[in-house]
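Thanks, everyone. The model should be up on the screen now.

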Amino acid sequence: GWSLARVLSLVLDHHTAHQHGTPPPTAADRGLADHVRWLAGRDLPEAEKYWRSVLAGYDTPVELPADRLVERSQDSRSSARMTVPLTPEVSAELQAFARRNRLTVNAVVQGVWALMLAGRSGREDVVFGATTSGRPTDLPGAEDMIGLFINSLPVRVRLDPDRPVIDWLRALQEEQVRARRYDYLPLTRVQALSDLDPEQRLFDSLVVFENYPVDTDAAAAQGLAVSGISAVEATNYPLNLVAYDGARIDLVLAYDPDTFAEDTVRALCDDLLLQATAVVRAAPGDTLGHLALVTPDEHHRLLDDWGSGPDTAGEHRTLSGILRAQLARTPDARAAVCGDDSVTYAELHGAAARLAHHLAATGVRPGDRVGVALQQGIPWLTAMLAVTHSGAVYVPLDPRYPADRLEHMITDSGVTVILTETRFLDTLPAHHEARTETVDTLGAVLEALPTDLPDIPEDPHRPAYIIYTSGSTGLPKGVLVPHTGLSGLLTVPADNFGVRQGDRVLQFASPSFDASVLEVVSALGLGGTLVISRPGPLSAEELTDLLEHHEVNHALILPAMLATLPPRELPHLRTLLVGAEPVQADLVARWGHGRRMVNGYGPTEATIGTTFSGALSPERPGDPPIGRPYAGVRAYVLDGWLRPVAPGTVGELYIGGEGVALGYLNRPAETASRFLADPFGAPGSRMYRSGDLVRWARDGQLVFVGRADTQIKVRGHRVELGEVETALAGHPAVGQAAVLLTDAGPGSGRRLVAYVVPRPGAESVDVGVLRRFVSGVVPEYMVPSVFVV
């Protein structure tokens, strides 16, 4: 670039001399040797000290929005180019903005690039490269040297949403002035001063600011005109912003076509135009947090078109109301089957009505909390319906849980009554204040009670149930879920799954898992038959036999279990819902033919589900999507400053709408940190911060990317690794403990692996003893599969 301009200037000078018949000017006599001597006189330790301080604490490179793996070798080549559609008006505004605020155009361009990288990566601390001419101002004649002196050095930019845009740009410019004093240190030495692994590059993107110093006045005096100066250069970085400063500013993206698709680069060009326009129009007090990441049209599409499910038209029914309506339509239809037992809708709700009347007669009032400590079966289903028909809050208590965990759940939830069976009395904790009712001994009492459902007020805003999930403090936390989201949820099996009257719906989820509520609603809210699996774990063969024997039409099966099922036709299985953990493309290829396979996503804090995909296609490339929000649900993909991010950009999923839970029971601080005011919803509405990282695909469906914290899912259950580590550390022989989720290999799912260090003074840790100890503290699904001492 620089040498090309110098050579062109010499050509013009020679032309002028030839026109006047005078000797041509001689080029400067300085060359590489002068530059080498100048370098030898630099203070290298001082430069290393400066760059070490600049890069201190930076240990993760910025991830570019690449379509294919970014090649970190020297093979990457930015051979393709695309121009940013910077209009003459915006170009003029940018130059005027820079003059008005005493900024260089280079500083503004670097700021725009930093904003684009931060917006696309979700990072508030970014590093990119910038080229320097390598021609020191204190070396006489350096500007006239012909040769390659260029150097590429890192530019580190931190972003604070509360910092004024103009102040931030001035700080960026001042830092670059300081960096200019140490730009003689080679990039390889600068890289070695960082905290990054030696195999990682500091940056994969570069800003090149071209400002060719060509003397066009001399040419004009001789009747010559330079119509334009450009250079086509390629770097070993996959993404580069090349800025040309002159009468107007031109911005060009040079990129590696093997890394970036044209559509992605076009979107990045639009991002740069958006950021450049926002920056140059920023008022003196405007902060970085006020700069949008998307255009107004994109904002509407992301929030209103893609991010909002259909309006429920204000129709909110309680769970009891939903079930009562279906009872009135199909009283004589078969409602549930478990093994050889089956009941009609009238029989099931009649038995539930008697138990509900008994609860009321013994002091249970609407809004009270009632625990159900039963395993899967028709008695469990009856007890669950009795609680909801009485207007009480349903609290499932798995009798297989450790006694300490159950004691915490009973005490924390404040249940006044526990419905159980005689055989489970020994498994329940001895110390609690709740009254225990054994439903298997109430036969004579219940027979005398009416089978008409109790008359209770229909209040969808009151709590429907409390589900306990893993907690990072070592104790499970209760999620208080209202009825408001259930009417919208009912539209999913009706419209997406295609559940019709008489269809058979599998009930396979544990009652302590909120997916069991979806299974019940899908069947009993739409006139189907609930096929209840026997309690306890089922083998893959047993589950397949159950599906085959009962000719199940709709089933929710976790991917880990689905991967183990033997290959059978299962011709009656029309809808296969997967979810609660990531599903891989190979499962879709295996099970997606001949039926509607749907991927669902949703935390307990948002009424079971939030998004559901359309029919998964084995031909669709990449990870299967988790879909779109259903009726009454809003889904936002936001950055750390709560701004909607562009399609394809990873952000955190926030969930709004009618299904947002009331909060965590007895945990006001944690509730306040996860349930926030919804800036995009109606006044007073809230949204839930999921902690899940997602992105919008081009077709308007969400794709799950990962977690933003240490929470994971095992067999569909949410697990805080901290809770498992706390349980391990409670053993007297354990000094330190760490738990990781690992992939056990194809078809084997994922498993928890515990790493423990014995306490000082302890001889060793017996793995068998430790496993039994942990099994007495946490549920079976949270017990690590492998222990490493």
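V155 has a relative accessibility of 1%, under the 20% cut-off, so V155 counts as buried. This is a predicted model, so please hear every value as computed from it. V155 sits in strand β3, residues 151-158.

What does V155 touch, not counting residues up to four places away in sequence? The list is Q110, V126, V127, F128, A130, L172 and Q176. As for E175, its C-alpha lies 8.9 Å from that of V155, and the two residues are 20 apart in sequence.

L172 takes us to helix α6, where it is one of the buried residues. A check on the helix geometry: α6 runs over residues 165-180, and its 16 residues should span 22 Å at 1.5 Å a residue. The end C-alpha atoms of α6 are 23 Å apart, which agrees.

Now the overall numbers. The protein has 789 residues, of which 54% count as buried. Its secondary structure comes to 23 helices and 32 strands. Taking contacts between residues at least 6 apart in sequence, 68% join residues at least 24 apart. The accessible surface is about 33400 Å², and carbon and sulfur atoms account for 52% of that.

On to the cores. The largest nonpolar core contains 95 residues, and L381, L419 and L524 have the most contacts inside it. Which helix gives this core its largest share? That is α13, residues 378-389, with 8 residues. There is also a second, separate core of 76 residues, and M116, L193, F203 and Y237 are among its members.

Is α13 largely enclosed or largely open? Of its 12 residues, 11 are buried, so α13 is largely enclosed by the rest of the structure. After α13 comes G391, which has a positive phi, near 85°.

N553 lies in the loop between α18 (540-549) and β17 (554-556). Its relative accessibility is 5%, so N553 counts as buried. The side chain of N553 reaches the backbone oxygen of H572 at 3.1 Å. Leaving aside neighbours within four places in sequence, N553 is in contact with D503, R504, H572, L573, R574 and T575.

D204 is in the loop between α7 (187-192) and β4 (205-210). At a relative accessible area of 4%, D204 is buried as well. What does its side chain pair with? A polar contact of 3.2 Å joins the side chain of D204 to that of R201.

That is where I will stop.

Methods:
Residues numbered from 1 in each chain as written. Predicted model: local features only at pLDDT ≥ 70, side-chain atom pairs only at ≥ 80, totals over all residues. Heavy atoms only, no water. Helix = DSSP H or I, 4+ residues; strand = E, 2+ residues; numbered from the N terminus. Expected span 1.5 Å × (residues − 1). Buried < 20%, exposed > 50% of the residue type's maximum accessible area, 1.4 Å probe, protein only. Core = buried A, V, L, I, M, F, W, Y, C linked by side-chain atoms within 4.5 Å. Contact = heavy atoms within 4.5 Å. Areas by Shrake-Rupley, 256 points an atom, 1.4 Å probe, with all protein chains shown as cover. Polar contact = N/O pair within 3.5 Å; in protein donor to acceptor, adjacent residues only side chain to side chain.
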